[in-house]
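Dear colleague,

Please find the structure below, handed over for your review. My notes on it follow directly after.

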Amino acid sequence: MLYAISARDTFRLRLPAQASSVGVARRQVRSALGRWGLAGLGDDAGLVVSELFTNAVVHSGSDNVACLLWTAAGKLHIEVVDEGRAPAGPQARTAADGDESGRGLALVAHLAEGWGVRPPAHGTGRTVWATLSCPRNEALPHSG
């Protein structure tokens, strides 16, 4: 099941919590940013979404994962929302040289101005969010 609702100022995507959905999410986010005139953020935002989406798919026990993007005050806001059946949210860790995983949140922290985890207003799940600065020379869509 794939659906994306794109508007000038908001992008939403909900996909099955499967490894194949990570690439779909990354491509859809890059496409949305291109439509918004923010193609320059595509690489960084695509990597952030890939890392957060992968964590949700691998660690949350969710059936579906959602992604939300919007712009406000010169920032791109990214949220990845899972159904959170796993006991804990993502936590940054230090990967050893030989480890094949464990670097994703360090990459997110490096690329983003900030990131964090927010519990749901009610029910299960969590929202992992990140903000990126929008380049000054790229127009921001109106966000309301």
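Helix 1 covers residues 19-35, which is 17 residues, and spans 26 Å from its first C-alpha to its last. That is close to the 24 Å expected at 1.5 Å a residue, the expected span being 1.5 Å times one less than the number of residues. Helices (H or I, at least four residues) and strands (E, at least two) are DSSP runs, numbered from the N terminus.

This is a predicted model, in which local features need pLDDT of at least 70 and side-chain atom pairs count only at pLDDT 80 or more, while totals for chains, interfaces and linings use all residues. Residues are numbered from 1 along each chain as its sequence is written, and side-chain values use heavy atoms, with hydrogens and water left out.

The buried residues of helix 1 are Ser 21, Val 22, Gly 23, Ala 25, Val 29, Ala 32 and Leu 33; buried means under 20% relative accessible area, exposed over 50%, and partly exposed in between (1.4 Å probe, protein chains only). Their cover includes strand 2 (10-16), helix 2 (42-59), strand 3 (64-72) and strand 4 (75-82). Just after helix 1, Gly 37 adopts a positive phi of about 80°.

Thr 131 belongs to strand 6 (residues 126-133) and counts as buried because its relative accessibility is 13%. Leaving aside residues up to four places away in sequence, Thr 131 is in contact (heavy atoms within 4.5 Å) with Leu 76, His 77, Ala 112, Glu 113 and Gly 114.

Cys 67, at 2% relative accessibility, is buried, as is Cys 134 at 12%. The structure contains zero disulfides (pairs of cysteine sulfur atoms within 2.5 Å).

With kind regards
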